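Trainee: Please pick one part of this model and go through it closely, along with what surrounds it. I would like the cut-offs stated as you go.

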Amino acid sequence: MSAIGNTLKEARSKKAVTLEDVHAKTKIHPRVLQLLEEEKFDKLPSPLFVKSFLKTYAEFLEVDPQELIQAYEKEGKKEPEQVL
């Protein structure tokens, strides 16, 4: 696990909240939150969803969302090409 998952888990531990607590406030399913913390981004629908979930989760945890999104993009998880 690299920076993204560790950052999310550590911030959640510091706030002493469970995945269920986060779900109640953000409406992000606990399984999705767990996938974000485990950095199993390939199990989520698309990079657009991942970025949105990361932003919402980071804001709830009072972590800079831009740092997490930039780290996610650096890992090569770019937007898929748009096919019309």
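Mentor: The side chain of Glu39 reaches the backbone nitrogen of Gly5 at 2.6 Å. That is a polar contact, a pair of N or O atoms within 3.5 Å; within protein, one must be able to donate a hydrogen and the other to accept it, and residues adjacent in sequence count only if both atoms are side-chain atoms. The model is predicted, so local features need pLDDT of at least 70 and side-chain atom pairs pLDDT 80 or more, while totals for chains, interfaces and linings use all residues. Residues are numbered from 1 along each chain as its sequence is written, and side-chain values use heavy atoms, without hydrogens or water.

Glu39 lies in the loop between H3 and H4; helices here are DSSP runs (H or I, at least four residues; strands are E, at least two), numbered from the N terminus. Glu39 counts as buried because its relative accessibility is 17%; buried means under 20% relative accessible area, exposed over 50%, partly exposed in between (1.4 Å probe, protein chains only). Glu39 follows H3 and has a positive phi, near 60°.

H3 itself covers residues 30–38, and its buried residues are Pro30, Val32, Leu33, Leu35, Leu36 and Glu37. These pack against H1 (3–15), H2 (19–26) and H4 (47–61).

For H4, the axes of the two helices are 11 Å apart, at an angle of about 95° to H3. Axes are lines fitted to C-alpha atoms, for helices over the stretch in contact, and angles run from 0 to 180 degrees between N-to-C directions. H3 is therefore roughly perpendicular to H4, the class for 65 to 115 degrees; under 35 is roughly parallel, over 145 roughly antiparallel, the rest oblique. Val32, Leu33, Leu36 and Glu37 of H3 meet Val50, Phe53, Leu54 and Tyr57 of H4, contact meaning heavy atoms within 4.5 Å. By class, this contact has 7 nonpolar, no polar and 1 charged residues; Ala, Val, Leu, Ile, Met, Phe, Trp, Tyr, Cys and Pro are nonpolar, Asp, Glu, Lys and Arg charged, and the others, Gly among them, polar.

Leu36, Val50, Leu54 and Tyr57 are also among the residues touching the most other members of the largest nonpolar core, which has 24 residues. Such a core is a set of buried Ala, Val, Leu, Ile, Met, Phe, Trp, Tyr and Cys residues joined through side-chain atoms within 4.5 Å. H4 gives this core its largest share, 7 residues. Beyond its neighbours within four places in sequence, Val50 contacts Leu36, Phe41, Leu44 and Tyr72.
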